[in-house]
Amino acid sequence: MAITTLSHVSFASNHSLINDRSLGLKRSFFIKGFSSAPLSLAFKTNFGQALENVSSKRLLTTPHHRSRHVVCAIPQDNKVPVAPLELENSTRPPTNLYSENSLHTATILSVDKISGPKAPAETYRIVYFHDGFLPYWEGQVLRVMKAPDENPFEPGNPENLSFFSAASSRYGDSFNGKTTTLCVRSIPGTTSEILCKSKRGDKIQLAGPTREAMISGDFRNPNATHIFVATGTGVAPFRAHLRRFFKEDIPTFQFSGLAWLFHGVSNNDSALFKDEFEQYQKEYPNNFRYNIAYSREQKNKLGGKMYVQDIFSDYADEVLELLLKGAYIYLAGLKDMVKPIEDALSDAATKKDKDWNEILTSLKINDQWRVEAKLKTCFFFKVGVLFILLQTSYVSSKASSLPFNILETNYYINGLRNPTRVVNTPRKVVGGEKFPVAPLSLEHALRPPTNLYTSSAPHTATILSVKKITGENASTETYHIPENPFTVGNSSQLRYFTSASSRYGDMFNGRTASLCVSLSIGSTSEVLIKSKPGDKIQLTGPSGEAMLLGNFNPKATHIFVATGTGIAPFRAHLRQIPTYKFSGFAWLFHGVSNADSVLYEDEFDQYLKDYPENFRYDIALTSDEKYVQDIVVEYASEVLELLLKGAYIYLSGNKKMVTPIESGLNITANNNGKNWDEILETLKSNNQWRVE
């Protein structure tokens, strides 16, 4: 099974296909609706400066002193100027600018086959024009579908959105930030086939961008070392990075480090961008290395097919040395390569009398080990809710800084944290018992931990308790099932769940995590609900950031809107009120079926009592013919005012609530002489509008 699913493809643009003048492209980039505000204003953050200020200190606190592999400066003669340079000002990648409920429409410019006649599958380069309204960073992904009137599947069904991994730089191959190219392997019956059959002028719709696993691990340091390992179209994000390193003339980023690409394909006709990579190798021999494996044309040492992991193993000793010096390694493609690569590095570590498990733990903690393991689309569970507490164990006795959750990172698809704005006058926090937490080192992380564990290398945790938290009249059904009816090790049975506890867990020690799970018959949730204390479960992640706090400033304002178990990430955030000096404002709207379906009500009521100046809590019961969107609309004037002052709003749960909430805010904005579309565009640009 591929780490990226068959419909995952990549951004990869070609400037020869696009002419600035013929398209009328401008050399400046502005957010739609705000022509006087360049993109840099939309994405500048105080967090980025903090990252730069502490970067040198971080190097001294990691398990391995992270010296950089500095080779030599790269001559700039062959590089192409890029624009707009405001794209360099952002200190965090743009995330979830568009959602399933608010898609961006782009135009196909060209579709060209780039695989040879003997390739086992056809691969196409698809260039589309987004006019600068869909920025992303190298390595991010988007979700793409054909426009509803051209989609042979159910029109407008968001489940037909497929993930596409970014493979061109943020400037595109036109070097102007207005086009993107998809590198698509045509798979019959999927979105990729539809895209490969597209014609110039066709429309596609996109959501995102999202995810960060393939983003450069040290994007500010031009002297860093990056080791890329890919199979097939998994090379896409690495092509994006390599164009940034070797093709683009960026005044504030002149790469002088080392990039090493291992690529596995079937045969020479399947080698993607080979001419481009070989040109880099010729022009920058001291900064770029390139090894390619042809599984149908070469043999490994044992006489079998030559896969990318085989050619990688030949250089495992050298790669390990680079990793110990601070290099970053990225794996994208077939998950079958991951375990052999780990084994090769383990053997190399043994030769040096080092413990590979400890090394791997350190690499994951430092974000040096980056694997793109994309699982199936998450779903929301609907019937019966239980509270599950997990005990997580450490990888080794020396890995005391490796928790299950370092930040409120969720198992769901998530978005971006972006501490840019402070909202309203700080309120005084009164009353309430404060709980000491540990370890306080969990507060030192600058970025959320991502993909510490993958489907090929999951983490094993222990169930501590399973407790029903809904009342007797809540809709719930219980069925007898075997302890685990699914196939052991089948990654398709991995399901997304959002952490309902803070990074410290409900025991305040950083060693447990809590899940809020509603019963879905015949699914992983049913297996979890039937678990007993002592049972083992396997986990991957954490991943995604949409429900992370948009601003980690304790004075910020956060508006949480949830249905059912969508409340889980908000409970995690709200538990921070008693554990750190929060002096901002949190407002929770929660919609459930009836009174017996209300989750954590006693807990939230206690916050309301202890912190009346800092917390508001409103519940909607459908049994009373009122939905959560109805309550939000009732307070639309207050909510809009807070948003205009810089508040962050988070929507998690049933997607049917999103449009009515937008409509209510739209009406309120119009009544006050304001343009809601422009407001929403700004909220998304500032990561204030966050939808799960």
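Colleague: Two strands pair if DSSP finds at least two bridges between them. How many bridges join strand S11 to S12?

Modeller: There are 7 bridges between S11 (residues 258–265) and S12, and the two strands run parallel. Strands (E, at least two residues) and helices (H or I, at least four) are DSSP runs, numbered from the N terminus. This is a predicted model, where local features need pLDDT of at least 70, side-chain atom pairs count only at pLDDT 80 or more, and totals for chains, interfaces and linings use all residues. Residues are numbered from 1 along each chain as its sequence is written, and side-chain values use heavy atoms, with hydrogens and water left out.

Colleague: Which residue stands opposite Tyr294 in S12?

Modeller: Val265 does.

Colleague: Why is S12 largely enclosed?

Modeller: Of the 7 residues in S12 (residues 288–294), 6 are buried, so the rest of the structure largely encloses it. Buried means under 20% relative accessible area, exposed over 50%, partly exposed in between (1.4 Å probe, protein chains only).

Colleague: What do S11, helix H6 and S12 make?

Modeller: With H6 (residues 274–283), they make a right-handed β-α-β unit. Right-handed means that, with the strands pointing away from the viewer, the path from the first strand over the helix to the second runs clockwise.

Colleague: Which residues of H6 are buried?

Modeller: Glu276, Phe277 and Tyr280. Down the helix axis they fall within an arc of 95 degrees, so they line one face of H6. That arc uses directions from the axis to the C-beta atoms. Asp275 and Lys282, on the other side, are exposed.

Colleague: What do the buried residues of H6 pack against?

Modeller: Helix H5 (236–246), S11 and S12. Contact means heavy atoms within 4.5 Å.
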